[in-house]
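Reader: I've got the model open and I'd like to learn how to read a few of its features. Can we go through them one by one?

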Amino acid sequence: HTDGKRYFTWDSGKFPDPVAMQQKLAYNGHQLVTVVDPHIKRDTGYRIWKEANDKGYFVKNKEGNDNFQGWCWPGDSNWVDYLNPEAASWISRQFHLDKYNGSTPNLFVWNDMNEPSVFNGPEISMDKDIKHHGGWEHRDLHNIFGMLYHKATADGLRTRESPNKRPFVLSRAYFAGSQRYGAVWTGDNAANWEHLRASIPMVLSNNVAGMHFAGADVGGFFGNPTPELMTRWYQLGIWYPFFRAHAHIDTKRREPWVFGEPYLSHIRSAIRERYRLLPYWYTLFREASLTGMPLVRPVWMEFPQETSMFSEDSSFMVGSAIMVIPATDADTSMPIDVRLPTQENWYDIRSHAAYIGPLKRQFATDLATTLVFARGGSIIPTRERHRGSSELMRRDPITLYVYVSQTGTATGRLYLDDGETYNYQNGAFIERELSFENAKLTSRPSVRTASSPAQLEFLKAMSKVRVERIVIVGMRNPLTKAVVVENGQTRTIELSYAGHKLDSECTIRDPAVLVGNDWEVTLS
């Protein structure tokens, strides 16, 4: 998209009006991400290169008396030395709106090639004896180079507006600490079934190591996936914390509609499932930010007593409430081995068919089938209305799915904030503790909830967001009514639930309680 691989510029032939393009995208709630790599084209007429050179901000050769030069996408290139605090601050400022011409607050960044990649260097990277700020050799800091660039980019996006807003920066290189700055992915994979399967332990390992916002290229970067592989990869990819499709420029077009039916419908259903569960995902991200708990977890993390599942990496947990057993075989009709741990109820997340663990059996599948189970004792928040972007869902009502345990209980949490600013640090959020016991569902504020001007303002902004549906799965006894109590007001909703042997779910339509209020719903 750049003018001759000069980052922070635009190819005016392809993008004559980038601001108008971004505004059009923003109107429908979409954002733009541009690639900004760390190599700087050596060109005396290029402002970025000239300023960095004049200020002495480039990494030096091994003698320390001249810029290190290497070869990358623009050709002859130099690299900013992010170990130098002045240089890092300078590159951060280049992402500000007054420096990055043609950018808007709806533009975000992808840092690629930031290991760093040097085409003519040893191991396709920098020479180990070249000099960085303070006299350090590259061998001493190679592993943090990409993270330092990631940090500088995130700092630039964060500070380009007042008040500051949260950045999005995707990075190929990362190290301990990179989780503070943005998303990462597993690199250039291939469009084959082996790489589909390999993505599961790779993403799980990253999450266990603290790199939570991680994913793999859906469909495979190199090669051309079959329609079946592409469908299965979307069905798995929606469960990566970082979910995107990506491919090499020389591969065939692979937008979902290219494959036709039935693949288009299967892929659309998978993507809708991801959007439907965004309230649950966002609540998991909140938990990860506070506790470090992974978003996606090996089964052993949730069930450490199940020693026979310590080596299990073909299924995994999303938070504590959802188990995913993806189909990863080229034979899309092959039955899938499923092990449901612990003495607990498990529910098919779509049909709500109930299974009692521990259970080991095969499930028949077809290309439309993804095996996903909700754990008994969990409450999962969703948004059910189909929208073109998550931005357009912000004020949509919430649906709560209550999956009853064998003891008739369930717990969960719902977290909401504005998704953009840092006002949540001042209390501008809604965090509700949800509990179901003795046929009563209650919503109470979390212990972190405290009254503040920011919190009151956010509650006002969300004052029309309600719970539009409560779906209770696994209740044994017939139910005829639900008594709703909110702000001292009581109302009754008639029900028609014949018990779990005849009905798969009990649905309370439009209890009309607000997400920010204390309330309770009692079934009888």
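Author: Helices (H or I, at least four residues) and strands (E, at least two) are DSSP runs, numbered from the N terminus. With that, Trp-193, His-195, Leu-196, Ser-199 and Ile-200 of α5 meet Glu-228, Leu-229, Arg-232, Trp-233 and Leu-236 of α6. This is a predicted model, where local features need pLDDT of at least 70 and side-chain atom pairs count only at pLDDT 80 or more, while totals for chains, interfaces and linings use all residues. Residues are numbered from 1 along each chain as its sequence is written, and side-chain values use heavy atoms, leaving out hydrogens and water.

Reader: At what angle do the axes of α5 and α6 cross?

Author: Axes are lines fitted to C-alpha atoms, for helices over the stretch in contact, and angles run from 0 to 180 degrees between N-to-C directions. Under 35 degrees is roughly parallel, over 145 roughly antiparallel, 65 to 115 roughly perpendicular, and the rest oblique. For helix α5 (residues 193–208) and α6, the axes cross at roughly 5° and come within 11 Å, so the two are roughly parallel.

Reader: And how do α6 and α7 lie, roughly parallel or roughly antiparallel?

Author: Roughly parallel. Helix α6 (residues 227–237) and helix α7 (residues 263–276) have axes that cross at roughly 10° and come within 9 Å. Among the residues making this contact are Met-230 and Tyr-234 of α6, with His-266 and Ile-267 of α7.

Reader: Is Met-113 buried or exposed?

Author: Buried means under 20% relative accessible area, exposed over 50%, partly exposed in between (1.4 Å probe, protein chains only). Met-113, in the loop between β5 and α4, is buried at 4%. Lys-5 lies in the segment before α1 (18–27) and is partly exposed at 38%.

Reader: Which peptide bonds are cis?

Author: One runs from Ser-162 to Pro-163, with omega near 0°; Pro-163 sits in the loop between α4 and β6 (169–171). Another joins Gly-357 and Pro-358, with omega about 0°, and Pro-358 lies in the loop between β16 (354–356) and β17 (359–363).

Reader: Where is His-96, and what does it touch?

Author: His-96 is in the loop between α3 (85–93) and β5. Leaving aside residues up to four places away in sequence, His-96 touches Ser-103, Gly-156, Thr-159 and Arg-160. At 19% relative accessibility, His-96 counts as buried.

Note on methods: Contact means heavy atoms within 4.5 Å.
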